[in-house]
Amino acid sequence: MPRYLASRLLQAILTTFGVMTIVFFVMRLSGDPVLLLVPEGATREHIDALRRELGFDQPIWRQYLTFLAGLLRFELGVSVVQRVPAWDILASRIPYTLALAGAALVVAIGLGVPAGVIMAVWRGRWFERPIAAIVVAGQSMPTFLTGILMIMLFAVTLRWLPSSGVDGPQSVIMPAIALGMLSMSTFARMARIAVVDELGKDYVRAGLARGLSPGKVVTRHVLRNASIPVVTIAALEIGNLLAGAIIVETVFAWPGIGQLAIQAIQSRDFLVVQAIVLFVSLVYVAVNLAADLLYAGIDPRIRFGRS
Amino acid sequence: MTGAVLDIERLRLEIDGAAVVDGLSLSVRQGEIVALVGESGCGKSLSAFAVLRLLPDAVTLAGGRILLEGRDLASLDLAAMAAVRGRDASIIFQEPTASLDPLMPVGEQIAEALTAHGVVAPRVAMQRAREMLVSIGISDPDRRLTQYPFELSGGMCQRIMIAIALICGPRLLIADEPTTALDVTIQAQILHLIRELVTARSTAVLLITHDMGVVADMADRVVVMYAGRVAETASAEAIFKAPLHPYTALLLASIPHAALAPKSRLATIEGTVPRPSSHGVGCRFASRCPLVEDKCRKETPPLVNHGDGHEAACWRSHDVGMLGVPA
């Protein structure tokens, strides 16, 4: 178990390092930020002075080393646009995105997993079809479309919920549903496949044979075995939720890091973009690490280092 | 039949309307081991599953009665059937390792057999599970109880399955190819264990196997199935001495034995079992039978009693001796 943990941690650090390196170079391929910062008609000297001040005159390998050294001290630099530490800008947005992604995850897992289990256990019954229809709808509707349709129905027509922005806890409901729909369908499909797969295994028949009711076999044995692929999906889906947040935050004017990312990319605010990517990749890596630990908790074969 | 623990009467199982088991009747008395024999696809395992109503979804119980101490299991509802399973009648399977939940310590799975029937409280159940392991001769029972299936050998998993099957003291044990998946050396130990346990408890056993060697070791009586029907039924002694169905005779002839010359060809039965959908009139073994004659293809032979409960479904029972059976 300690070895398993250590190897997963090392992988997590390497992944983060790799992501940051790629972002560093890709951002610098996108063009010169200094040209966007200076006022129109600025002189050559003015531009060079600003470039020197921001450190963009250094050779790229030196900029990279400075960047890595900063990372090790957890210094993300100062936004070249707003002239405040990039971390401060990011930190003010993080709670909103976490609230949104968290609520979306609750929607996705809370509806998706039970729907999948129901479709698997009672497959072939009449109520499998309407549930499957909802799942397919959730899967095929683009996030921006569900978002706008919901705004029209619940905010404009019915006036039940605020159309956008953050105005009390009810504000998160529509963005969370819009963001969680696609994941909900993924969870439903994966949970269904996993449960159907487990239901066909010998231990299910053996469980019935020792007198367990079908319900007991499902709750005591099948669900736990089926949870392993679902945990895998959950880890991947959290990444998708953070990516999807960019669209949903734009549609609902939600002041999270998705919205910030778009603004920062448009103004080539390198250091803020780097800070956002670092944060998202850390979340992603942490979530996958948590999933690996969860596998070990669920499956003794992983715990004891066998396959 | 009086005194029978299990009495199957004219069992019929269908897949998509085609009979895969057609009119199987057999009975198992207290303390008796009855072997149900046949090659793959003859319906023997499905018949075993049918007794506990554990048939795959595709297979339907289309007719017949399954009397367990006089109670017809074929007519029970789901809840009543769950109460029977593991308590009045148990089954052990061909794949012991796959038959255990990989994520649960085996001790809990043994205890489940008790708690499922509300026999004892969960705390007591674990103690009883331990006693059961001791009684089937498993060393270091406390450690075994906490182990997971992947930590145990196939033979040990089958012992655990046997413990699960017998812990509630059922009157009937069904063993579906219990040693097929195990090493040859372990096979003998498991068979010995089963025989010892059922003898001590006077449990009736329906043993499903394709291995005539296992039959010779274990069975009191034998029911030979071919393509969903009973071909022959007799005491184990009679069937090995003088089979009355050519299929049985050829099965016996195909057992490899030590007296065989090295590198000599093993005897086989030409052809394969016909598909259930292709069954027409006449004897189903006709296409592979060396004694076949016109009548066999036109009329289905009935199961005829030749005395001492030795029954065979063959028009030429009296000529089977010509085929010769290895001593």
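Predicted model: local features only at pLDDT ≥ 70, side-chain atom pairs only at ≥ 80, totals over all residues.
Close-up 1. The contact draws 28 residues from chain B and 23 residues from chain A.

**Close-up 2. Polar and charged pairs across the interface of chain B and chain A.** The rule finds eleven residue pairs in polar contact across this interface, both residues of each pair being at pLDDT 80 or more. The elements of chain B that give two or more residues to the side touching chain A are α2 (78-84), α3 (106-115) and α6 (154-166), and the largest share, four residues, comes from α3(B). By residue class, the side of chain B that touches chain A divides into 17 nonpolar, four polar and seven charged residues. Two salt bridges are also found across the interface of chain B and chain A; in a salt bridge between R210(A) and E112(B), the side chains meet at 2.4 Å, N to O.

**Close-up 3. The salt bridge of R83(A) and E53(A).** The search of the whole structure finds 27 salt bridges over all chains, and in the one shown here the side chains of R83(A) and E53(A) meet at 3.4 Å, N to O. Because R83(A) lies in the loop between α4 (60-72) and α5 (86-121) of chain A, whereas E53(A) lies in helix α3 (residues 44-54) of chain A, the pair ties together parts that are 30 residues apart in sequence. R83(A) counts as partly exposed at 45% relative accessibility, while E53(A), with a relative accessible area of 56%, is exposed.

**Close-up 4. Salt bridges in chain B.** The side chains of D88(B) and R71(B) meet in a salt bridge at 3.7 Å, N to O. This pair links distant parts of the chain, 17 residues apart, with D88(B) in the loop between α2 and β6 (89-92) of chain B and R71(B) in strand β5 (residues 71-72) of chain B. R71(B) has a relative accessible area of 39% and is partly exposed. Elsewhere, R12(B), E14(B), D22(B), R229(B) and R284(B) are joined into one network by salt bridges that share partners.

Key. Residues numbered from 1 in each chain as written. Chains lettered and ligands numbered in written order. Heavy atoms only, no water. Contact = heavy atoms within 4.5 Å. Salt bridge = Lys/Arg side-chain N within 4 Å of Asp/Glu carboxyl O. Polar contact = N/O pair within 3.5 Å; in protein donor to acceptor, adjacent residues only side chain to side chain. Nonpolar A, V, L, I, M, F, W, Y, C, P; charged D, E, K, R; others polar. Buried < 20%, exposed > 50% of the residue type's maximum accessible area, 1.4 Å probe, protein only.
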